[in-house]
Amino acid sequence: MSAGARATREALSEDQRRMLVGVCIVIGAIAVVPSTYDFVINPLVDGLGGSDAEVSLLRQLPSVAAVLVIFLAPVLAARFGSQRLIAVAAVFFTIGCATVATAPTLTFATLGLVLIASASSILAVVVLGMLSATVVSARSRASAFAGFALVAPVVYMAMPVLAGYLLDHTTWRAVATTWVVAGVVMIVTTRRLFAERSRTRRSQ
């Protein structure tokens, strides 16, 4: 175990470590899409018979969708509960990924990308809010956010390599399938981690 990982374990309680792992999984899963999106967009549009104008549209539309829902995330979390909202958003994220991976037309791919962007925005806001609420001391917060900050850069370094390999040997749909895998991993692991966290807190 590295010195940084050891320091993080020492600074965080078991409940906080469980929360940090869940947050890192969510952030890592949603980072899979933007880290490979530029590799996929042109082959996707070409494969589904789109035009250059539609390439430009698909580069902008997910960002617009994410901005539109980002302000709803705190309201939805307060109304339905953060863990329930994470579970629902993770399912919609995965559905969006599957829609893109299997899209027969550009319309379906666009719908899938909007779902992905919207769910990703909600997930990022809610899990970071949960982490901030759970980790309150200065030392614990520094350790938690140092661990969190490592996740996206690792994904952004690894996934473009995988995407390039897949595009060389298969099609853009294989890259989109890695998004589905990330979504499924997020659903399963966060459900187990957050369920165990809830049981731990109730027993205390």
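Start by selecting Val26, which lies in helix α2 (residues 14–47). Helices here are DSSP runs of H or I with at least four residues, strands are E runs of at least two, and both are numbered from the N terminus. The model is predicted: local features need pLDDT of at least 70, side-chain atom pairs count only at pLDDT 80 or more, and totals for chains, interfaces and linings use all residues. Residues are numbered from 1 along each chain as its sequence is written, and side-chain values use heavy atoms, with hydrogens and water left out.

**Stop 1: around Val26**

Is Val26 buried or exposed? Val26 has 0% relative accessibility, so it counts as buried. Buried means under 20% relative accessible area, exposed means over 50%, and partly exposed is in between (1.4 Å probe, protein chains only). Now show its contacts, meaning heavy atoms within 4.5 Å. Apart from neighbours within four places in sequence, Val26 touches Leu123, Val127, Met186 and Thr190.

**Stop 2: Val188**

Move to Val188 in helix α9 (residues 172–203). Its relative accessibility is 44%, so Val188 counts as partly exposed.

**Stop 3: α3 against α4**

Select helix α3 (residues 52–70) and helix α4 (residues 72–80). Two packed helices are described by the angle between their axes and the distance between the axes. Here the angle is about 50° and the axes are 6 Å apart. Axes are lines fitted to C-alpha atoms, for helices over the stretch in contact, and angles run from 0 to 180 degrees between N-to-C directions. The pair is therefore oblique. Under 35 degrees would be roughly parallel, over 145 roughly antiparallel, and 65 to 115 roughly perpendicular; the rest are oblique. Show the side chains: Leu68, Val69 and Ile70 in α3 meet Leu72, Ala73 and Pro74 in α4.

**Stop 4: cysteines**

Select Cys24, which is buried at 18% relative accessible area. Next, Cys97 is buried too, at 0% relative accessibility. How many disulfides are there? The count is zero, where a disulfide is a pair of cysteine sulfur atoms within 2.5 Å.

**Last stop: the whole chain**

Zoom out. The chain has nine helices and zero strands. Buried residues make up 46% of its 204 residues. Among contacts with a separation of 6 or more, 79% join residues 24 or more positions apart.
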